[in-house]
Amino acid sequence: MFSNSWIRRLIGRAGVVGAAFALMSAVAVAPSAMAAPPASGDAVVVPNDWNGYCQTNTYSTSAWGWCDGTGPQRYAIYILCSNSGVYKSSSTPWFGDRNGAWAYCPSGTEAVSSWGGRA
């Protein structure tokens with residue numbers, strides 16, 4: 001069915017295909033990992049690699065958001081505060097539940113940025 005030369009050519013290209021796949025994987029992951037923190041009050045939509053998209057809104061001392069997708073996996077909203085602490089929402093809805101969740105900074109601190117992700 002296939003000649004040996006065809007198989008040899010495919011195997012010879014496997015290194016190129018493997019390198020291309022690794023590059024595509026790195027590009028797909030890198031933007032969310034390297035995204036700059038949004039300004040306070042900006043709505044942020046971040047693609048995630050496990051279920052769908054998360055959208056958050058950062059306010060002065062809190063953040064609200066929701067993540068698209070389907071359960072039964074759960075998401076949480078995370079907030080980075082001016083004390084360099086990261087705080088997680090107390091509720092963890094199923095992916096796709098647009099009722100969302102709130103995360104809060106401790107008293108005396110302000111919100112810097114927020115994002116959604118696995119609980």
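I take helices (H or I, at least four residues) and strands (E, at least two) as DSSP runs, numbered from the N terminus. On that basis I read the pattern along the sequence as α-β-β-β-β-β-β-β, and the secondary structure comes to 1 helix and 7 strands.

**Basis of the entries.** I note that this is a predicted model, in which local features need pLDDT of at least 70, side-chain atom pairs count only at pLDDT 80 or more, and totals for chains, interfaces and linings use all residues. Residues are numbered from 1 along each chain as its sequence is written, and side-chain values use heavy atoms, with hydrogens and water left out.

**Confidence.** I looked up pLDDT, the predictor's confidence in each residue, from 0 to 100. The protein averages 73, and 57% of the residues score at least 70. Where pLDDT is low, the predicted coordinates should not be read in detail.

**Whole chain.** Of the 119 residues, 29% count as buried (under 20% relative accessible area; exposed is over 50%, partly exposed in between, with a 1.4 Å probe and protein chains only). The protein exposes about 7,600 Å², of which carbon and sulfur atoms supply 61%. Among contacts between residues at least 6 apart in sequence, 52% join residues at least 24 apart.

**Strands 2 and 3.** I count two strands as paired if DSSP finds at least two bridges between them. Strand 2 (residues 53-58) and strand 3 (residues 62-67) run antiparallel and are joined by 5 bridges. The hairpin between strand 2 and strand 3 passes through 3 residues. In this pairing I find Gln55 opposite Trp66 in strand 3.

**Aromatic rings.** I pair rings of Phe, Tyr and Trp (its six-membered ring) if their centres lie within 6.5 Å; planes under 30 degrees apart count as stacked, over 60 as edge-to-face and the rest as tilted. The count comes to 4 aromatic pairs. I list Tyr75 and Phe95 as tilted, because their ring centres are 5.6 Å apart and their planes stand at 55°. This pair links distant parts of the chain, 20 residues apart: Tyr75 lies in strand 4 (residues 75-81), and Phe95 in the loop between strand 5 (86-88) and strand 6. Both Tyr75 and Phe95 are buried. I also find one aromatic cluster formed by Tyr59, Trp102 and Tyr104.

How values were computed: Contact means heavy atoms within 4.5 Å. Accessible areas come from the Shrake-Rupley method with a 1.4 Å probe; for residues, only the protein chains shown count as cover.
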